[in-house]
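Look at the sequence and the model shown below. This report goes through a set of local features in turn.

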Amino acid sequence: MSEQVDATSELAERVREALETADLDAMRQLLAPDATWGPPDHPEWGCQNRDEVLAWFRHGRDGGGRARVIDVIAGPDTLLVGLEVTGFPRAGRDGPVERWQVMTVRHGSVKDICGFDNRAEAARRAGLP
């Protein structure tokens, strides 16, 4: 395994812990200052920096949203993260909803987060099986 994949795998475990515990201080340490988050191929939407990403996490957490990490797969420069999300009744669904994120890694930090509704699409974007 390459050194870069080793570093991304270590980051994957730290991301898992931060998401499972909803620890915003830990998440801050993992995000690049210019980190972005939003739907794929729409850079004008979503969050445009680390503070905005953390504000979005905080808003969800404070509103009762919770995420259980169901999968994290590390590639050379991406993380594929599967989440079971609960606590968002306004989404019009009862019970947990599965969501997937592709996190692009740059210089040991998460630079970009794109959200997907299904694993297959997210895995293709991440370049992972």
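The structure is a predicted model, and local features were taken only where pLDDT is at least 70.

**Salt bridges**

The structure contains nine salt bridges. Three of them are set out in this table.

| Pair | N to O distance | Relative accessible area of each residue |
| Asp-34 and Arg-106 | 3.0 Å | Asp-34 32%, Arg-106 32% |
| Arg-125 and Asp-41 | 2.8 Å | Arg-125 37%, Asp-41 60% |
| Arg-61 and Asp-62 | 3.5 Å | Arg-61 29%, Asp-62 57% |

Asp-34 is partly exposed, with a relative accessibility of 32%. Arg-106 is also partly exposed, and its relative accessible area is 32%.

The side chains of Arg-125 and Asp-41 meet in another salt bridge, at 2.8 Å from N to O. This pair links distant parts of the chain: Arg-125 sits in helix 4 (residues 119–126) and Asp-41 in the loop between strand 1 and helix 3, 84 residues apart. Arg-125 counts as partly exposed at 37% relative accessibility, while Asp-41 counts as exposed at 60%.

Arg-61 and Asp-62 also form a salt bridge, with their closest N and O atoms 3.5 Å apart. Here Arg-61 is partly exposed, with a relative accessible area of 29%, and Asp-62 is exposed, with 57%.

**Aromatic rings**

How many aromatic pairs does a search of the whole structure find? The search finds two. One of them is formed by Trp-37 and Trp-56; the ring centres are 6.2 Å apart, the planes stand at 85° to each other, and the pair is edge-to-face. Trp-37 is in strand 1 and Trp-56 is in helix 3, so this pair ties together parts that are 19 residues apart in sequence. Trp-37 is buried, with a relative accessible area of 13%. Ring pairs also bring in Phe-57, so that Trp-37, Trp-56 and Phe-57 are linked into a cluster.

**Strand pairing**

Strand 2 covers residues 66–74 and strand 3 covers residues 78–86. The two strands run antiparallel and are joined by eight bridges. Together they form a hairpin, with three residues between them.

**Cysteines**

A disulfide is a covalent bond between the sulfur atoms of two cysteines. The structure holds zero disulfides. Cys-47 is in no disulfide, and the nearest cysteine sulfur, which belongs to Cys-114, is 12 Å away.

The cut-off used for a disulfide is 2.5 Å between the sulfur atoms.

Are these cysteines buried or exposed? Cys-47 is buried, with a relative accessible area of 9%. Cys-114 is buried as well, with a relative accessible area of 9%.

**Two backbone angles**

Ala-22 has a phi near 55°, which is a positive value in a residue other than glycine. Where does Ala-22 lie? Its place is the loop between helix 1 (3–21) and helix 2 (24–30). Ala-22 is partly exposed, with a relative accessible area of 27%.

Asp-41, described above as a salt-bridge partner of Arg-125, has a positive phi of about 65° although it is not a glycine. Asp-41 is found in the loop between strand 1 (31–38) and helix 3 (50–62). With 60% relative accessibility, Asp-41 counts as exposed.

Note on methods
Residues numbered from 1 in each chain as written. Predicted model: local features only at pLDDT ≥ 70, side-chain atom pairs only at ≥ 80, totals over all residues. Heavy atoms only, no water. Buried < 20%, exposed > 50% of the residue type's maximum accessible area, 1.4 Å probe, protein only. Helix = DSSP H or I, 4+ residues; strand = E, 2+ residues; numbered from the N terminus. Pairing = 2+ DSSP bridges. Phe/Tyr/Trp six-rings, centres within 6.5 Å; stacked < 30°, edge-to-face > 60°. Salt bridge = Lys/Arg side-chain N within 4 Å of Asp/Glu carboxyl O.
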